[in-house]
Amino acid sequence: MSIDELFPGIFKIEVPLPRNPLRMLNAYLIKGEKRHLLIDNGFNRPECLEAMNGALDSLGVARGDLDFFLTHLHADHCGLTADLCEGGETKIYASALDGESINNTTRGPSYWTGFLRTMIPHGFSEEQVAELSKTHPAIRFCPSHELDFITVAPGEKLQYGGYTLRILDGKGHTPGLLALYEPSNKILFSSDLILGDITPNIARWPNVRDSLGDFFDSLAAVEALDVALTLPAHRSLVPDTKKRIHELYEHHKRRLDEVRTLLKEGPQQGYPIATRMTWDMRGEWEDFPVAQKWFACGEALSHLDRLVALGDAEERTRGDTVVFALRQ
């Protein structure tokens with residue numbers, strides 16, 4: 001367990017993510033006189049709960065005085081919320097879109113079966129979906145029960161510990177991701193919108209036609225802000241936010257060029273394209289866990305969707321399969 005006070009009353013708490021390539025979640029606690037705000041919290045698993053309880057006890061935070069800001073729907077950010085809530089005054093803030101998705105994940109197979117099967121037309125097999133339904137971290141480590149959210153939206157503000165937190169639209173990584181900006185100290189709590197050492201996974205989502213385009217829009221909005229330090233949800237802090245934003249733009253431009261090159265060979269499904277893309281992971285594609293293949297295929301599809309949005313490619317349905325092809 002690691003706790004660092006980054007600014008007066010603002011603490012970074014490292015929460016372990018066992019057997020996960022992300023390794024750690026950076027949760028952030030803002031201590032106030034009466035109530036405190038915890039920004040994200042970790043997987044719903046004993047190792048995460050033990051670390052978080054140890055940190056909160058060390059900082060003298062009573063659970064009944066704790067409010068929660070959930071930046072987005074992924075279980076490593078919201079999984080512990082139900083187990084940490086105490087007292088009738090607790091507030092749990094989330095976007096309407098991702099808050100609904102978080103509660104959907106607690107409902108078990110009735111939600112997950114349909115969601116996972118959306119990848120089959122793109123090349124995922126029935127066997128892979130069956131395995132994923134048992135191993136996907138969102139299924140295994142989601143909150144233990146539904147949560148009563150206070151839905152918040154970009155432009156709104158929260159006050160904790162003498163800090164004013166402006167809510168920003170960070171969609172792209174998920175449809176309803178929210179970031180927080182503290183203008184007096186020029187602090188950005190970026191969640192998974194901006195990461196310093198790794199690139200956020202940008203996937204296709206139901207009812208979203210261009211996740212990557214949304215991600216670019218969110219980056220552009222942050223680029224217009226005066227940010228002295230970005231506090232991401234994983235790995236190291238980001239001292240030069242504009243530089244990192246340009247690095248993320250360039251990364252995805254290279255990805256788009258890579259996908260264009262693969263499509264020159266003819267119409268293809270998303271999964272075969274994902275198998276041939278460049279991934280910064282150890283081992284060969286065949287060695288990837290099925291959950292990592294899921295995330296990789298989602299990333300491939302977001303780049304294919306971006307090419308469709310740009311008019312460079314088109315999506316075609318062929319019976320029970322979906323393929324993408326370059327426009328002539």
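The structure is a predicted model.

**Exercise 1. The largest cavity**

Task: Find which element gives the most to the lining of the largest cavity.

Solution. 
Step 1. The count comes to one cavity of 30 Å³ or more. About 40 Å³ of space lies in the largest cavity.
Step 2. List the lining: Asn 26, Tyr 28, Ile 39, Asp 40, Thr 71, Phe 189, Ser 190, Ser 191, Leu 231 and Ala 233.
Step 3. With three residues, β11 gives the most.
Step 4. Sorted by class, the lining of the largest cavity holds five nonpolar, four polar and one charged residues.

**Exercise 2. The second largest pocket**

Task: Describe the second largest pocket by volume, by central residues and by the helices in its lining.

Solution. 
Step 1. The volume of the second largest pocket is about 320 Å³.
Step 2. The pocket is lined by 15 residues, and those closest to its centre are Ser 101, Tyr 111, Pro 175, Pro 206 and Asn 207.
Step 3. At least two lining residues come from each of α4 (96-105) and α5 (109-117). The most are given by α4, with five residues.
Step 4. By class, the lining of the second largest pocket divides into eight nonpolar, five polar and two charged residues.

**Exercise 3. Helices α6 and α11**

Task: How are the axes of α6 and α11 placed, roughly parallel or roughly perpendicular?

Solution. 
Step 1. The axis of α6 (residues 126-135) comes within 9 Å of the axis of α11 (residues 290-309), and the two cross at roughly 110°.
Step 2. Angles of 65 to 115 degrees count as roughly perpendicular, so α6 is roughly perpendicular to α11.
Step 3. On the α6 side the contact is made by Gln 128, Glu 131, Leu 132 and Thr 135, and on the α11 side by Val 290, Ala 291, Lys 293 and Trp 294.
Step 4. This contact of α6 with α11 has four nonpolar, two polar and two charged residues.

**Exercise 4. The seven-stranded sheet**

Task: Give the strand order of the seven-stranded sheet, then follow the pairing of β1 with β2.

Solution. 
Step 1. The sheet is open, its order is β1-β2-β3-β4-β5-β6-β7, and its pairing is mixed.
Step 2. The edge strands, which pair on one side only, are β1 (2-7) and β7 (150-151).
Step 3. β1 runs antiparallel to β2 (residues 10-16), and five bridges join them. Opposite pairs include Glu 5 with Phe 11 of β2 and Ser 2 with Glu 14 of β2.
Step 4. The hairpin of β1 and β2 has two residues between the strands, and Gly 9 takes a positive phi near 80° there.

**Exercise 5. The five-stranded sheet**

Task: Give the strand order of the five-stranded sheet and the strand that three bridges join to β10.

Solution. 
Step 1. This open sheet has the order β8-β9-β10-β11-β12, with mixed pairing.
Step 2. At the edges are β8 (157-160) and β12 (229-232), each pairing on one side only.
Step 3. From one strand to the next, the twist averages 25°.
Step 4. Three bridges join β10 (residues 178-182) to β11, and the two run antiparallel. Across this pair, Tyr 181 stands opposite Leu 188 in β11.
Step 5. Return to Exercise 1: β11 also gives three residues to the lining of the largest cavity.

Key: Residues are numbered from 1 along each chain as its sequence is written. This is a predicted model: local features need pLDDT of at least 70, side-chain atom pairs count only at pLDDT 80 or more; totals for chains, interfaces and linings use all residues. Side-chain values use heavy atoms; hydrogens and water are left out. On a 1 Å grid over the protein atoms alone, a cavity is a set of points where a 1.4 Å probe fits but cannot get out, and a pocket is an open set with protein on both sides within 12 Å along at least five of seven lines; lining residues have an atom within 4 Å of a point. Grid points are joined across faces, edges and corners, and a volume is the space filled by probe spheres set on the points. Helices (H or I, at least four residues) and strands (E, at least two) are DSSP runs, numbered from the N terminus. Ala, Val, Leu, Ile, Met, Phe, Trp, Tyr, Cys and Pro count as nonpolar, Asp, Glu, Lys and Arg as charged, and the others, Gly among them, as polar. Axes are lines fitted to C-alpha atoms, for helices over the stretch in contact, and angles run from 0 to 180 degrees between N-to-C directions. Angles under 35 degrees count as roughly parallel, over 145 as roughly antiparallel, 65 to 115 as roughly perpendicular and the rest as oblique. Contact means heavy atoms within 4.5 Å. Two strands pair if DSSP finds at least two bridges between them.
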